Amino acid sequence: TAPTPAQWLQSFWPKNARAVLNPIAAPAGQDAIFAAVVGDQAQLWQGNPESNSLQQLTDGQVTLYPQLSSDGATLLYSRLANGRATLVKRNLANGETSVLIDGRAWGGIISPDNRQVACNFFDSASGAWKLLVFPLAGGAATATINLPGPAQRVLRWVPDGTGIAYPVTQRGVTNIWKQPLDGSAPSALTSFTKHRLYNFAWSPD
């Protein structure tokens, strides 16, 4: 019987970890990247249980929500330190890291064409968390849009890259909505009548 994803991770995660969060699979091969909680910190690790390889990618802060570019070259993650939520990218080939947004961003995701990032962004002028879209290479925002929900809301690119999908819970029922990047009105992608949703994703096809 094939192991479950949880059993697969438990077979090689750090021995002193009390939990593993946000696991993702690399686009090629069997490597996984995940956040391991040790004490009051969470660090990102990359490993492969079949080859028994395990490498710590981050150190010294709480790092969560890893996201890989589709070519597997760039790792995007959220870092929390001293109350500041920061968005960081890492070149997996040489280990070089750079801060994309310091202190006001959380839960970033990379677009299907690997050119843009969408994230939850705190707008100090309005005191609200908004949707921010900007180039992965860095630079000025291409879109800043009001969305319902807090910094922890889940964001997902729609497969064609034209908008961002996100959950909206009303009267105890969650549906997935799409916000087009051109700023036009959002629309519902689902019409569920019961249950809450806490995460969602598209299949590769």
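Analyst: Two strands count as a pair if DSSP finds at least two bridges between them. The model is predicted.

β3 covers residues 41-48. Is it mostly covered or mostly open? Mostly covered: seven of its eight residues are buried.

Next, its partners. One is strand β2, residues 32-38. β2 and β3 run antiparallel and share seven bridges.

Which strand is joined to β3 by four bridges? That is β4, residues 53-56, and here too the strands run antiparallel. With four bridges, β3 and β4 clear the cut-off of at least two and so count as a pair. As a general point, strands of a sheet pair through backbone hydrogen bonds, either parallel or antiparallel.

Thr63 lies in strand β5. Its side chain comes to 3.4 Å from the backbone nitrogen of Leu44. The side chain of Thr63 also makes a polar contact of 2.9 Å with the side chain of Thr58. Is Thr63 buried or exposed? Its relative accessible area is 1%, so Thr63 is buried.

β5 leads on to the largest pocket. That pocket has a volume of about 1100 Å³. Its lining has 37 residues; the closest to the centre are Gln67, Ile110, Arg156, Ala201 and Trp202. The elements that give two or more residues to this lining are β1 (19-25), β5 (62-68), β9 (105-110) and β13. β9 gives the most, with five residues. What kinds of residue make up the lining? There are 22 nonpolar, 12 polar and three charged.

β13 opens the way to another sheet. This one is open and has four strands, in the order β13-β14-β15-β16, with antiparallel pairing. Its edge strands are β13 (156-157) and β16 (187-188), and each pairs on one side only. Two bridges join β15, residues 173-180, to β16. That number meets the cut-off of at least two, so β15 and β16 count as a pair. They run antiparallel. Lys178 has Ser187 in β16 as its bridge partner.

Tyr166 is in strand β14, residues 163-170. Tyr166 has a relative accessible area of 3% and is therefore buried. The C-alpha atoms of Tyr166 and Leu132 are 13 Å apart, and the two residues are 34 apart along the chain.

Last, confidence. The protein averages a pLDDT of 87, and 92% of the residues score at least 70. Where is confidence lowest, and where is it highest? It is lowest in helix α1, residues 5-10, at a mean of 63. It is highest in β13, at 96.

To return to β3: this strand is mostly buried, pairs with β2 over seven bridges, and is joined to β4 by four.

Conventions. Residues are numbered from 1 along each chain as its sequence is written. This is a predicted model: local features need pLDDT of at least 70, side-chain atom pairs count only at pLDDT 80 or more; totals for chains, interfaces and linings use all residues. Side-chain values use heavy atoms; hydrogens and water are left out. Buried means under 20% relative accessible area, exposed over 50%, partly exposed in between (1.4 Å probe, protein chains only). On a 1 Å grid over the protein atoms alone, a cavity is a set of points where a 1.4 Å probe fits but cannot get out, and a pocket is an open set with protein on both sides within 12 Å along at least five of seven lines; lining residues have an atom within 4 Å of a point. Grid points are joined across faces, edges and corners, and a volume is the space filled by probe spheres set on the points. Ala, Val, Leu, Ile, Met, Phe, Trp, Tyr, Cys and Pro count as nonpolar, Asp, Glu, Lys and Arg as charged, and the others, Gly among them, as polar. pLDDT is the predictor's confidence in each residue, from 0 to 100. A polar contact is a pair of N or O atoms within 3.5 Å; within protein, one must be able to donate a hydrogen and the other to accept it, and residues adjacent in sequence count only if both atoms are side-chain atoms.
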